Amino acid sequence: MAKSANRDSYNKIFSKLKEHHKWFENSIPLIASENIPSPAVREAIMSDFGNRYAEGWPGERVYAGCIFIDDVEFECMKLAKKLYKAKFADVRPISGVVANLAVYSAFTNPGDVMIAPSIPAGGHISHGKKEHSGTAGLVHGLEIEFYPFDAEEMTIDVDKTKQKIKDLEKDNRLPKMAMFGGSLFLFPHPVKELAEFLKGYGIHVNYDAAHVAGLIAGGKFQDPLREGADTMTMSTHKTLFGPQGGLVLGGEDHEESIKKATFPGLTSSHHIHHMAAKAVAFAEALEFGKEYANQVIKNAKSFAEALSDNGFKVLGESRGFTQSHQIAVNVLDYSDGGEVEADLEKANIIVNRQLIPGDIKAGRNYFHPGGIRLGVSEITRLGMKRDEMKEIADFIKQVVVDKKDPKKVLARVKSLRKNYQKVKFCFDNKLGAYEYVKLR
Ligand SMILES: *Cc1c(COP(=O)(O)O)cnc(C)c1O
């Protein structure tokens, strides 16, 4: 065959994909928003569903060709409702951000006020202000107020929030929506303590479970819909180990407005292959979710304790460090979150730098924040337990505190990873967790 620059590019893409798989096979993935899906989820994603359109609601589609897609989507909704004990589920949002936009669109108008956690207090950019390019402000025109945050307890301050709502009412800035949930999320948010109070002001309460959806499914974090949240949004791929995607849950009275917001408001195609893969993951979570969530939380606590024993300043110490899959560490004694992230990556330990309470006031920014965030969902899904948590905490100490050459630590990382190459907590795991599948 003649030499072709296009063919070279084509080959290069596949060689990079393979290198990435090889790298992750030999890494310790600690990004709290990531997970490893089962081979079953990967199989669903590769199916022909990914090449079809199924606009509208199952049974009322805009195009023909949806017979089997409809069956799967009905099953998907049934499983989602069972998993979260919800009356209504819209499985079409293609991501957590789109799920949040669906509730903004369904229950607020541009110009309305929403109260949400700030980013250093754990909030997500999709709850953010227009001047920060946050989705709520920039895309839907919401005005954002922040909850008062208790940095010692690492959660929303209940009494100060009540006072703030009263003050906002006096200023004619009463929120239309209250957003709970976040991205730096160590302890449950006070939904039980605040939902009735907020609803007394006619405020719609949404809980963004993007990070903790898998823990909620396993009954191990908090149960927002029983604690008073009106609706719940989430990503389907963080602690919940599905494909990348979103989900909105609510009561029967929310159904019509959410449905319209999702389609035609926010999606045309809703990525049908991912919908099928969500259904697979919901079935897995129903079957294995309790055991998985239990192990995730045990691992996070063991990991936090081991890091603290190694001299690290782990946030939330007064409350036992964490009740979720996450751990936040203040690394300012050694350098900053950005440098620590880069050093650890050289040892194949993948973490993210993290803004922590106090950073903005101290003039630190997103590139050089005071902390790192660690998540144990993925390594738990690979079967790791307490002993491995201790070992990883030692690797991190060697790189960050002892300033050992990351390349030396790398050899130990690779050797630890050898025994953890299959996905656990699923029905079938013939394919390796990071095994590259060639179809060509
Ligand atoms: C990750 C995250 C999102 C965004 O989810 P995507 O699925 O990436 O769009 C929304 N909210 C919170 C709290 C998150 O942590």
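**Structural briefing**

Lys-176 is partly exposed, with a relative accessible area of 34%; buried means under 20% relative accessible area, exposed over 50%, and partly exposed in between, using a 1.4 Å probe and protein chains only. The model is predicted, so local features need pLDDT of at least 70 and side-chain atom pairs count only at pLDDT 80 or more, while totals for chains, interfaces and linings use all residues. Residues are numbered from 1 along each chain as its sequence is written, and side-chain values use heavy atoms, with hydrogens and water left out.

**Salt bridges**

- The structure holds 23 salt bridges, a salt bridge being a side-chain nitrogen of Lys or Arg within 4 Å of a carboxyl oxygen of Asp or Glu.
- Lys-176 and Asp-112 form one of them, at 3.6 Å from N to O.
- This pair links distant parts of the chain, 64 residues apart: Lys-176 is in the loop between helix H6 (158-170) and strand S7 (177-180), and Asp-112 is in the loop between helix H4 (96-107) and strand S3 (113-116). Helices (H or I, at least four residues) and strands (E, at least two) are DSSP runs, numbered from the N terminus.
- Glu-153 and Arg-319 meet in a salt bridge at 3.8 Å, N to O.
- Here too the pair links distant parts of the chain, with Glu-153 in the loop between strand S5 (149-150) and strand S6 (155-156) and Arg-319 in the loop between strand S11 (313-314) and strand S12 (326-330), 166 residues apart.
- Glu-153 is partly exposed at 33% relative accessible area, and Arg-319 is partly exposed at 26%.
- Arg-52 is partly exposed at 39%, and Asp-48 is partly exposed at 40%.

**Ligand surroundings**

- The ligand is surrounded by 14 residues, of which the closest are Gly-96, Val-97, Ser-183, Asp-208 and Lys-238; a residue counts as near a molecule if one of its heavy atoms lies within 4 Å of it.
- A backbone N or O atom of Val-97 lies 2.9 Å from an oxygen atom of the ligand.
- An N or O atom in the side chain of Ser-235 is 2.9 Å from a ligand oxygen atom.
- For Lys-238, a side-chain N or O atom is 2.9 Å from an oxygen atom of the ligand.

**Pockets and cavity**

- On a 1 Å grid over the protein atoms alone, a cavity is a set of points where a 1.4 Å probe fits but cannot get out, and a pocket is an open set with protein on both sides within 12 Å along at least five of seven lines; lining residues have an atom within 4 Å of a point.
- Grid points are joined across faces, edges and corners, and a volume is the space filled by probe spheres set on the points.
- The largest pocket has a volume of about 1100 Å³. Of its 33 lining residues, the closest to the centre are His-21, Ile-36, Pro-37, Arg-42 and Ile-45.
- Helix H1 (5-25) and helix H2 (39-45) are the elements that give two or more residues to the lining of the largest pocket.
- The second largest pocket holds about 860 Å³ of space. Among its 33 lining residues, Ser-118, Ile-119, Pro-120, Gly-123 and Leu-355 are the closest to its centre.
- There is 1 cavity of 30 Å³ or more, and the largest cavity holds about 50 Å³ of space.
- Residues lining the largest cavity include Phe-149, Met-154, Leu-184 and His-189.

**Backbone features**

- Most residues other than glycine have a negative phi, and most peptide bonds are trans.
- Met-154, in the loop between S5 and S6, has a positive phi near 55° and is buried at 5% relative accessible area.
- Asn-172, in the loop between H6 and S7, has a positive phi near 60° and is exposed at 74% relative accessible area.
- A cis peptide bond joins Phe-263 and Pro-264, with omega about 10°; Pro-264 is found in helix H10 (residues 255-266).

Conventions:
Polar contact = N/O pair within 3.5 Å; in protein donor to acceptor, adjacent residues only side chain to side chain.
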